Amino acid sequence: MKKTKQKYIIILCVLLSTLYMIFAFHPLNHEIHFVPVWAIDSSRASFSKDEAIPEELYEDAIPFKLGQTLGYFTNNGKILMSETFPYKASITEHQYVTYGTDSAEMPFYNPKGEEIGKIKGYGFPYFQDNRKFLFLPGGSSFSKLGEDGSIEWTYEGYAPITAFSSSEKRAVVGLAEGNIISFTEDGQIDQEFKPVGSAYKVILGAAVSNDGEYVAAVSGQEEQRFVLARKVNGYMEVVFHKYLGSDSNRQVLVKFSKDENYIYFNYEGGIGIVNTKTHRFSQIPIKGHILSIRESEQNGIIFILSKNGKTYTVSAVELFDIFRGAFSFEADSAFIAVRDDSLFVGRNSRICKMTVTNK
């Protein structure tokens with residue numbers, strides 16, 4: 001009788017173990033692997049001044065700015081151009097400019113170092129993709145520049161500009177008095193609205209979608225919040241907002257994804273993510289201030305560069321809000337760039353390339 005009882009107990013244990021393995025089984029999460037490919041010194045050009053550089057190398061030149069050095073490099077680790085600058089600079093894939101505090105004329109150049117235009121007037125140039133702007137002395141006005149650097153139109157305001165962003169068809173400014181203004185390509189004011197709900201109504205970060213349908217912003221002090229507005233019947237209507245629970249007292253990054261299905265924004269303590277279609281909200285804790293967000297063109301991974309003191313961290317996020325990992329390093333300056341399945345990380349004067357695999 002005792003042996004029969006033990007036999008049933010064993011059978012029951014085996015059965016329960018089998019059922020547990022069947023119903024509890026789930027595949028392990030994929031892990032992101034960073035595989036080093038090469039490392040180069042950004043201050044040393046790979047070609048001499050007299051050496052002819054193949055034209056095709058400039059077709060996908062990658063810009064960098066590290067400390068007081070800027071330039072362009074290639075996917076295979078060739079420095080096409082490296083130049084130091086004494087004060088400030090702005091650089092994109094298509095053009096770059098360096099300037100001082102009292103520059104009356106500011107020539108700008110293509111990645112080959114050839115002058116392609118000149119900005120005439122005092123101010124602070126800002127280049128974004130193939131678009132050029134000049135923020136005027138006083139901090140409350142700016143000009144849209146043409147291809148050759150000439151002024152196309154100017155907005156003259158009275159309140160300090162505290163946030164700015166542009167897209168293919170729109171530009172937006174956020175003001176210290178809490179207003180957000182959207183401009184069309186020819187400088188006409190398209191929309192103007194003021195997020196409310198905070199004790200002090202300053203705009204700390206803003207972004208606009210390519211077609212101007214969406215505008216997003218982080219606004220206010222004392223009950224700081226994120227606001228997503230959409231154009232409905234010709235007017236901007238708030239379709240989502242979120243009180244952030246803590247206040248940032250400096251400018252923050254707000255950025256749409258390439259397909260504009262998501263909006264990312266920095267808050268004090270991490271990054272917030274909102275689905276622009278479903279308005280689903282998520283947040284990922286990240287220490288420090290977010291400097292850059294880069295989206296992979298192949299595997300859908302978002303890379304985030306943040307800074308906390310002298311420590312920089314690169315974080316990887318996948319599928320909207322799944323945190324996949326991070327690595328940190330100490331540096332005086334840093335940047336990140338993405339091409340295909342590769343991540344480029346700049347640290348002081350070094351640039352490293354890593355392939356990114358998701359296994």
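Which residues do ring pairs link into a cluster with W153? Let's look at the views one by one. This is a predicted model, in which local features need pLDDT of at least 70 and side-chain atom pairs count only at pLDDT 80 or more, while totals for chains, interfaces and linings use all residues. Residues are numbered from 1 along each chain as its sequence is written, and side-chain values use heavy atoms, leaving out hydrogens and water.

**View A. A cluster of aromatic rings.** Ring pairs join Y126, F133, F135, F142, W153, Y155, F164 and F183. Rings of Phe, Tyr and Trp (its six-membered ring) pair if their centres lie within 6.5 Å; planes under 30 degrees apart count as stacked, over 60 as edge-to-face and the rest as tilted. Searching the whole structure gives 32 aromatic pairs.

**View B. Y126 with F135.** Here the two rings pair edge-to-face, 6.4 Å centre to centre with 65° between the planes. Y126 is partly exposed at 31% relative accessible area, whereas F135 is buried at 17%. Buried means under 20% relative accessible area, exposed over 50%, and partly exposed in between (1.4 Å probe, protein chains only).

**View C. F265 with Y267.** This aromatic pair is tilted, with 6.5 Å centre to centre and 55° between the planes. F265 is buried, its relative accessible area being 0%, and Y267 is buried too, at 9%.

**View D. Lysines over tyrosine rings.** The charged end of K88 sits over the ring of Y87, 5.9 Å from its centre. K112 places its charged end over the ring of Y58, 5.6 Å from the centre. A charge sits over a ring if NZ of Lys or CZ of Arg is within 6 Å of the ring centre and within 35 degrees of the ring normal.
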